[in-house]
Amino acid sequence: MNLLRVAWRDLLALLRDKQALVWMGLMPFAFCALFGMTSQENNNNPQAQIEVLNADGEFLANEFYESLKGKGLKINHYTPENPPHPDSWRILELEAGFTHKILSGEKVRLKISDWGLTNEYDLTARLQVYRSVLKLLGQLLLAEHLQPESIQADDPQKAIGSLERASQLKPILNLDVSEAGFPQIPRGFRHVVPGMMVMFVMFNTLIYGGIIVTLDRTLGRLQRLCTTPIRPWEILGGHFVGSCLIGGVQALVFILAGSFLFKISWGDNPIALAAVLVAFMACCASISMLIGAFAQKEVHVLGVVPIIGTILPAFGGCWWPQEIVPDSLQWLIYTVPTGWALDGILRISTFGRGLVDILPHVGVLLLMGLPFFLIGTWRIRRGMV
């Protein structure tokens with residue numbers, strides 16, 4: 001019971017601070033609105049886009065062009081007389097004689113010019129090109145099977161007729177492709193709000209949790225509390241729980257704002273979401289205990305926390321989607337608690353994962369916080385004697 005009194009006192013001290021209310025209540029909305037609007041996708045203008053330069057213009061080239069059209073890919077058609085801009089992101093060239101070479105059995109090369117990027121839009125464009133190549137080859141093989149020697153360069157009309165008959169056959173196998181999890185991938189507010197929540201929970205827990213412990217230790221409050229019936233472990237546990245409550249209030253602000261203001265989904269597993277958040281709050285509270293155990297003045301906390309609260313969220317992917325980080329740097333995300341917390345939250349909110357799926361995240365977060373908690377409480381305990 002005494003532990004809860006100490007924790008409640010820490011939370012009340014925060015709620016009486018008007019500056020804290022600004023940082024916990026107003027700044028999150030400003031950050032989410034700013035970063036969310038700048039990274040919001042435009043659904044009317046898909047970024048997966050390819051410019052097709054059709055220098056052939058014959059029926060196989062036109063058939064190949066039509067087969068490129070699909071979900072999530074915008075295609076612009078160009079001719080040698082009206083070529084695409086040289087600085088276009090992706091250009092697919094169908095060379096002159098494309099149809100004649102295929103009918104003659106000659107090798108045909110497709111030239112794709114891009115910027116060498118590997119994001120999801122470039123992969124979508126290339127995948128659609130590969131799919132169209134396989135589809136055209138399949139139609140040619142089927143047409144030749146139905147009517148041998150029909151695919152000949154000297155009789156294009158016969159080839160056209162054979163291909164039309166092949167295209168009218170019912171497929172033996174239908175492949176139904178759908179997205180795993182929820183249809184929305186974490187982009188725009190769906191990524192920004194969880195990312196900002198992780199950043200602000202850490203930032204404010206470290207700032208205010210660390211300041212409260214520092215002031216209690218340097219002003220002699222801890223020594224005075226030791227003269228009361230409150231036991232030392234209740235004092236330390238109360239400060240720890242109080243820091244967790246600070247993070248909990250901040251997380252609640254983001255959850256409510258995300259649900260009602262920014263209209264994002266937190267998934268269908270509130271227990272799993274709560275488990276990740278509680279583990280992350282415990283980790284942040286442990287770090288705040290360590291900071292408060294060594295800081296000699298409030299200004300020391302204010303000097304250290306902004307550095308930690310900037311570097312760890314950046315490494316954890318709170319500022320940008322994990323998918324745009326190069327493969328060689330992906331491992332950095334899992335070296336910091338912010339990366340594990342955000343990954344767990346997005347697995348729940350985006351891919352519909354449950355409690356069992358994010359248990360590794362909970363375990364890693366608790367293990368990350370344990371050394372900070374042990375060293376911090378040991379240091380504070382020494383000063384209480």
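A salt bridge is a side-chain nitrogen of Lys or Arg within 4 Å of a carboxyl oxygen of Asp or Glu. D343 and R347 meet this criterion, because their closest N and O atoms are 2.7 Å apart. The model in which this pair occurs is predicted. Both D343 and R347 lie in helix α12. They are 4 residues apart, about one turn of the helix. D343 counts as buried, at 10% relative accessibility. R347 is partly exposed, with a relative accessible area of 27%. Elsewhere, salt bridges that share partners join R9, D10, D216 and R221 into one network.

The structure holds 6 salt bridges in total. One of them pairs D216 with R9, with 2.4 Å between the closest N and O atoms. This pair links distant parts of the chain. D216 belongs to helix α7 (residues 189–218), and R9 belongs to helix α1 (residues 2–15). D216 is buried, at 0% relative accessibility. R9, in contrast, is partly exposed at 33%. Side chains of opposite charge can pair when their charged atoms come close. A further salt bridge joins E234 and R231, at 3.4 Å from N to O. E234 is buried, with a relative accessible area of 4%. R231 is partly exposed, at 46% relative accessibility.

The overall fold was examined next. The protein chain contains 13 helices and 4 strands. It has 385 residues, of which 43% count as buried. Among contacts with a separation of 6 or more, 79% are made by residues 24 or more positions apart. The accessible surface of the chain comes to about 20,800 Å². Carbon and sulfur atoms account for 63% of that surface.

Helix α6 spans residues 156–168 and has 13 residues. Its first and last C-alpha atoms are 19 Å apart. This is close to the 18 Å expected at 1.5 Å a residue. The buried residues of α6 are A159, G161, S162, L163 and A166.

The structure holds 7 aromatic pairs. In one of them, F64 and F98 form a tilted arrangement. Their ring centres are 6.0 Å apart, and the planes make an angle of 55 degrees. The pair links distant parts of the chain, 34 residues apart. F64 sits in helix α3 (residues 59–68), whereas F98 sits in helix α4 (residues 98–103). Both F64 and F98 are buried. A pair of aromatic rings is described by the distance of the centres and the angle of the planes. Ring pairs also link F31, F200 and F254 into a cluster.

G376 and S288 are 88 residues apart in sequence. In space, their C-alpha atoms are 8.4 Å apart. Leaving aside neighbours within four places in sequence, G376 is in contact with M289, L290 and A293.

Two loops complete the description. K263 lies in the loop between α9 (232–260) and α10 (270–294). K263 has a positive phi of about 55 degrees, although it is not a glycine. Most residues other than glycine have a negative phi. K263 is exposed, at 64% relative accessibility.

The other loop runs between α12 (337–351) and α13 (359–384) and holds V356. V356 has a relative accessible area of 65%. V356 therefore counts as exposed, the cut-off being over 50%. V356 also belongs to a nonpolar patch on the surface, together with I271, L355 and L359. These four residues have about 400 Å² of accessible area together.

Notes
Residues are numbered from 1 along each chain as its sequence is written. This is a predicted model: local features need pLDDT of at least 70, side-chain atom pairs count only at pLDDT 80 or more; totals for chains, interfaces and linings use all residues. Side-chain values use heavy atoms; hydrogens and water are left out. Patches are made of residues with over 30% relative accessible area and no salt bridge: like charges are joined within 9 Å, nonpolar side chains (Val, Leu, Ile, Met, Phe, Trp, Tyr) within 5 Å. Accessible areas come from the Shrake-Rupley method with a 1.4 Å probe; for residues, only the protein chains shown count as cover. Buried means under 20% relative accessible area, exposed over 50%, partly exposed in between (1.4 Å probe, protein chains only). Contact means heavy atoms within 4.5 Å. Rings of Phe, Tyr and Trp (its six-membered ring) pair if their centres lie within 6.5 Å; planes under 30 degrees apart count as stacked, over 60 as edge-to-face and the rest as tilted. The expected span of a helix is 1.5 Å times one less than its number of residues.
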